[in-house]
Amino acid sequence: MARRRLNLAYIVNQSKRKASYQKRKRGVVKKLNELTVLCDADAGMIMYSSFEQGPVIWPTSERVQELIARFMQLPDVQQTRRMMSQGSFVAERLENWHSASKIEARKQGKGDECTDA
């Protein structure tokens, strides 16, 4: 059974918004936990919300501080090697799309030649 497409819009009703927040927060924490267990990845989360008194920190405050300290000790080149500006992200996506459309056009062209014979 396929899920219906979700219309992303601000939830005006505060009680529905809070219920959605709680459910999605549990989902994000569950996914992070799965990622760390299944892939042996180091991950942490700090999330602020008007529904919580303080930040939601996963797994623990000490562990997140360790992860941030470890990241900050990396050289700048390693810290920023996968970071992108919005412009470079869009340019890369357009380049990938353009390459994929060329490949698709070639496939369609070859397919037409084969059916004519």
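This is a predicted model: local features need pLDDT of at least 70, side-chain atom pairs count only at pLDDT 80 or more; totals for chains, interfaces and linings use all residues.
Residues are numbered from 1 along each chain as its sequence is written, and side-chain values use heavy atoms, with hydrogens and water left out.

Four helices and two strands make up the secondary structure of the protein chain, in the order α-β-β-α-α-α along the sequence; helices (H or I, at least four residues) and strands (E, at least two) are DSSP runs numbered from the N terminus. The radius of gyration, taken over C-alpha atoms, is 22 Å, whereas a compact globule of 117 residues would have a value near 13 Å, by the rule of 2.2 Å times the number of residues to the power 0.38. Buried residues (under 20% relative accessible area, 1.4 Å probe, protein chains only) make up 12% of the 117 residues.

Arg 17 lies in helix α1 (residues 14-39) and is buried without a salt bridge, that is, a side-chain nitrogen of Lys or Arg within 4 Å of a carboxyl oxygen of Asp or Glu. Two distances describe its surroundings.

| From | To | Distance |
|---|---|---|
| Arg 17 side chain | Val 12 backbone oxygen | 3.2 Å |
| Arg 17 | Glu 52, nearest side chain of opposite charge | 13 Å |

Asp 40, in the loop between α1 and β1 (45-47), has a positive phi near 50 degrees although this residue is not glycine.

Definitions and conventions:
Buried means under 20% relative accessible area, exposed over 50%, partly exposed in between (1.4 Å probe, protein chains only). Lys and Arg count as positive and Asp and Glu as negative; His and the chain ends are not counted. A polar contact is a pair of N or O atoms within 3.5 Å; within protein, one must be able to donate a hydrogen and the other to accept it, and residues adjacent in sequence count only if both atoms are side-chain atoms.
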